[in-house]
Structure formats: structure tokens, C-alpha cells
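Hi everyone, thanks for making time for this. Have the sequence and the viewer open, and let's walk through it together.

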Amino acid sequence: MEKQSSQRNQTFISTKPGLGDVVEGQALVLSSAFSARYDLDIRSGEFLRPGIAEPGVSVAGKILVVDRAKGGVASSWLLNEMVRLGTAPAALVFNHAGPVMIQAAVFAGIPLLQAFEFDITKKVAQGSLVRLDPTNRTLTIEQSV
Amino acid sequence: MKLTDLQQQMLEGQQGECRAWAMRFLVETGQALGADQLTPIRYAFLMADTDAMGEAGINFLEQLAETEPKQRRPRASLFLESRQTSSELLKLGLPAWFMALDQRRMAAIRRLGCNMDYSHVNNHSVPAPCFGESIAMGSTPSAIYANSALGARTNFEAGPAGLAAAIAGFVPRWGLHLELNRRPQRVFEIRWTPKSLAEWGALGALIGQQLDSGEQIPLIRGVSQHPGALALSHLGASMAGHGAVGMFHIEGVTPEAERHDHQTLPVQLLESSAVEQLLSTESIRDEALDLVVIGAPQMSWEELLYLEHLLHGKTISSSVTMLAFVDHGTLEAARVMGVDKRLRQSGCQLLDGIDYFQSGSEPIRRQNGWHVALAPSLKLSNILNGAGYRAASADLENCVNSAVAGRVL
């Protein structure tokens, strides 16, 4: 994917309410839409569908930064099962989350932030350390790469 | 969010922990989605398959089913969309642990007061919602069909959302419950007519791929005559699967297409060649075929008769497994009419159960060492490509001929 540049301590504010508690983690930025059922091996958190991320990359513990959710409704249950398996992302960040990812995040207790006045996948560099504060609707770059 | 006294009582736990959970879920998701209040529903459809729920989801249902019966009885009728996993898949390598989980799932859902009709609203064996009625649909095909073909009002109330809606009797009022959000935003014009259900599905995929978000409700222009309920079902299932959109309009066909002014919207012409490209098997052509699977949406009676016609006098290659998923009523009819027997003699297995992609398709693939699959549904082939298969879509005739040849044609 296109290499992004992000600067330390840059803060982005979402235009819609977020969900969950403050969380920090490494950003995994996807260049395509996302679905837990359509794309993932939930036992490892790695991508079964070719071309979405580098082989062997897992969503486990990552702050997943994605344009939008794919169709389908299975993620509403699957993210909760991934929490049980220890393979769930630490948080979700979308340009367009859609109802299914909102429902999935609430059920699984995963923080979520969505909707920005720009494409958030173009603002966060792959592998950056980011801090999500859903209550204050902010995503901050703690350490850029 | 504005709540009534009853909703506030449930939220505070005055009607038990089960309804309190449902209300917390509805309020939290509703606020994030911009709902201003909750709207009452007559019924909800629960999407809850074992593949998606896993052990965590089934544990949750079992815990909910342990609460006081009076306090967990759904306030709105709850119907199960996700019926049992076909036991015949055990012979094809479905792990026993998966089936054990499936049985726990079905028992917990039954205890929660769900109507175990095992049917699908698109097959019309359960009461269809009325025009303008707010409901809670849990799966993509049923939600987009209810909004588009029937004029009912629902968002995607996925998994636990449909359950919470039924237990509380309400859904968050936002999105497609509001007239304003049902207006078309994009116009797609066709100057040709899809020739098969696979092509209707491919048209849905093509449109879904071009939508930037679920808010971009499309209107299709150029459909010369009503294509029927099955075509709308295939179109919608594929469009929702590829585009996360919950509604479409077809000029002259769907009930709300003429309610909004769409003459000023930009028009995008869709060529038939784009659909032909989506249904191309080129990426796996001439490779040894392992699996042909028909479903998503499940086969109707008319499709089953067409499949029988295509297989008449033919035998599927011994190296190919061909599975066709049908609803319970269609399977019973097929048994009575001898269709099931004739299909089995040709090598095709009719299965009474939830769709293949919800039935442990990934462990079955590993167990059998399968790689190459064909399906007459782009929704299905798309999902199989995310489960480790190399899958393509083709019309039913090509799927049958490839199964007979033992390689992808």
C-alpha cells in the first residue's frame, strides 16, 4: 500500500461518538474494507484472504485502521469470539464503521472510533504507536515510524 | 437518547438482568449510530450461526437462557434465521466439536423463546413484514430484501443486536427506519437484462463494489419487467455482501422507487461485460475441481428443478463433491417428488441446513485437502476465498458441466 507519513503527537478528531475506554497500541492500517468472517483466520488473527496485509501479520492486539466494513453480519459475533481466543484487535478505527461493526464492538467490549473529515487510513502510518480516546473522540500518534 | 418510562425501567434492571442487558446494548449502539429514540417492533430475525458465534457467543446465550423465564421472554416475536448445521457434513469432515457446539447453540436459542421455524423470510414461509413496518432483520439477505422488495423498515440488526431487539421489543430509530435515509443516492442504468439468477447476483456485486458506504442507496434504471422475488433475493444478497448497503430501488419494480426524486442524480451506465467478467472462471480454469456448492441464497424449488434438468442423464465426476443447500420445506417436496433421489444418483447431495459458509467450511476444506471451488453465487465464492479456497463464480450450467468434467470449464 501507499506509504503514509504521520507526525508524533498529531491528534485527529472524529465527527461521531466513539465507544469504549482509552487504549494504546500499534496501528495496523488496511488498504481495503474489513470483515472478520470474509478475511480472517480467527484462531490466529491472520488474514486468510490474500492481498489485504503482509503474510503472517495478525490483527491481535493491534489498533485496526480501516476505511470501512465489508458487507455481512458475522463480525457481530466473531469479534467477541476473538476476544475469548486472545486474537482480537485492541481497537477499531474506521472512516465508515456501519451498524454491524458498532454492534460487534459493543458486544465484544472493543473500543471504536469512526468518521473523520478526511481519510484516516491516509493519516496514520503503518506500525505507528497510537492512542485512542473514544470519549473525547480523539486518535493521537504517540510514536511515528 | 429519549426513553419511555418502560424502556427506562428495563434499562435500570427493574424487569431483570436479561432485559437490562438488551436495553444497555440498544442504548449504547443506538447512541453511537445517532438514534434519537427506540421504535417498537413486532418481530426480529436472529442471525446466530455456530461458525460466527464460536464458543464465546454460545456461552453468552446459555447464560442468558439461565435467567428467570419471565424476565427473558422476548417482548417481540423472535424467529431463527440460522438453522441447524447439516449433520451430513460430518461425513465430509466437519469436526465433531463443531457439531457439539451447534447442538448447544440450538438448545440455548430454543430456551430463549425463539420460534425455531428454520425458515428464511425470503422463502415466505414466515409472516412477511408489511410496507412501512419497522422490524429487526439479522442477516444481510433478509434485511435488504425486506427494505427493498417489501418496503419494510430495518437496519442490519446483526447477531446480538437482533436478540436484544426482540427481548426489549424495540430497535434504535436511525438509518433505514427514517424516510429521509431511504432516498436513492446513486443511479445505475442497465441496457440489458440479466439472464440467470447468477447474473442478478453478479449485478448486485457489481453495484455493491462501487458504493463507498452503506448510506449510498442505489437505484437501478432499465429493468424492463419485474424480475421476480428470486432475482431480487439474489441481487440483494450479493449487493449487501459486497457493499454493506441495506436497500436498493429498481425503477418500475420496487415499491419505493418512485417516492423520491432521482432525476437529478448522476447516472452510471453498467455494461453486461462487467457482469460477465465477475462470473468468469478464468483464474482457476482447467484446474482440478474439488467442490461445487450451491447456496447463499439457498436454493428455491424452481432452482432445484432447473438443477435436476441440467443434471439429467449426467454423472458428477468422482473427484468432485457437489452440495446444494435448500430450506426444509423444499427438501421435503424434493423427497416426495423423487427429485432428491435423482439428484443423488447424479452425485449431487441436497443438504437440509444452514449455508455452507456458516457450517465450518474452513475445517472441512482442511480435512479434505480441497483447494478449488465453484459456486453460482458471488456472495458465496467471495466468502470462500476468505476461508482458504480458490473459488470462482459461474452460472449454474457451467457449475454442473465443470462438476461432470472434474475440472473448471
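**Around T85(B)**

Let's start with one residue. Setting aside neighbours within four places in sequence, T85(B) is in contact with L94(B), F98(B), M99(B), D102(B), R105(B), I354(B) and S359(B), where contact means heavy atoms within 4.5 Å.

Before I go on, a word on what you're looking at: this is a predicted model, where local features need pLDDT of at least 70, side-chain atom pairs count only at pLDDT 80 or more, and totals for chains, interfaces and linings use all residues. Residues are numbered from 1 along each chain as its sequence is written, chains are lettered from A and ligands numbered from 1 in the order in which they are written, and side-chain values use heavy atoms, with hydrogens and water left out.

Back to T85(B). You'll find it in the loop between β3 (77-80) and α5 (96-111) of chain B; helices (H or I, at least four residues) and strands (E, at least two) are DSSP runs, numbered from the N terminus. Is T85(B) buried or exposed? T85(B) counts as buried because its relative accessibility is 2%. The cut-offs are under 20% relative accessible area for buried, over 50% for exposed, and partly exposed in between, with a 1.4 Å probe and protein chains only. The side chain of T85(B) also makes a polar contact with the side chain of D102(B), at 2.9 Å. A polar contact is a pair of N or O atoms within 3.5 Å; within protein, one must be able to donate a hydrogen and the other to accept it, and residues adjacent in sequence count only if both atoms are side-chain atoms.

**A bent helix**

Next, go to helix α3 (residues 50-65) of chain B. This helix has 16 residues, yet its end C-alpha atoms are only 17 Å apart, short of the 22 Å that a straight helix would reach at 1.5 Å a residue. That expected span is 1.5 Å times one less than the number of residues. Where is the kink in α3(B) centred? On A56(B), and the kink is about 65 degrees. The bend at a residue is the angle between axes fitted to the seven residues ending there and the seven starting there.

At the start of α3(B), a side-chain oxygen of D49(B) comes within 3.1 Å of the backbone nitrogen of D51(B). The buried residues of this helix include M53(B), G54(B), A56(B) and F60(B).

Now hop over to chain A, where E81(A) sits in helix α2 (residues 75-85). With a relative accessible area of 5%, E81(A) is buried. Leaving out neighbours within four places in sequence, E81(A) is in contact with I42(A), and also with M53(B), G54(B), E55(B) and A56(B).

**Cores and domains**

Okay, zoom out. Chain B is assigned domain 1 (5-179), domain 2 (183-278) and domain 3 (282-405), with bounds that come from an automatic or database domain assignment. The C-alpha centres of domain 1 and domain 2 of chain B lie 27 Å apart. Their contact takes 17 residues from domain 1 and 19 residues from domain 2.

In soluble globular proteins, nonpolar side chains tend to be buried together. Which residues have the most contacts inside the largest nonpolar core? They are W21(B) and L163(B), in a core of 119 residues. Its largest share, 9 residues, comes from helix α2 (residues 17-33) of chain B. By nonpolar core I mean a set of buried Ala, Val, Leu, Ile, Met, Phe, Trp, Tyr and Cys residues joined through side-chain atoms within 4.5 Å. Not counting residues up to four places away in sequence, W21(B) touches residues including F107(A), F60(B) and L163(B). A second, separate core of 29 residues includes L304(B), V320(B), V326(B) and L343(B).

Last stop: the backbone. A cis peptide bond joins A296(B) and P297(B), with omega about 0 degrees. A296(B) is in strand β9 of chain B, and P297(B) has its place in that strand, residues 291-299. A296(B) has a positive phi of about 55 degrees although it is not a glycine, and it is buried, with a relative accessible area of 5%.

D286(B) is not a glycine either, and has a positive phi of about 70 degrees. D286(B) lies in the loop between α10 (272-278) and β9 of chain B, and at 53% relative accessibility it counts as exposed.
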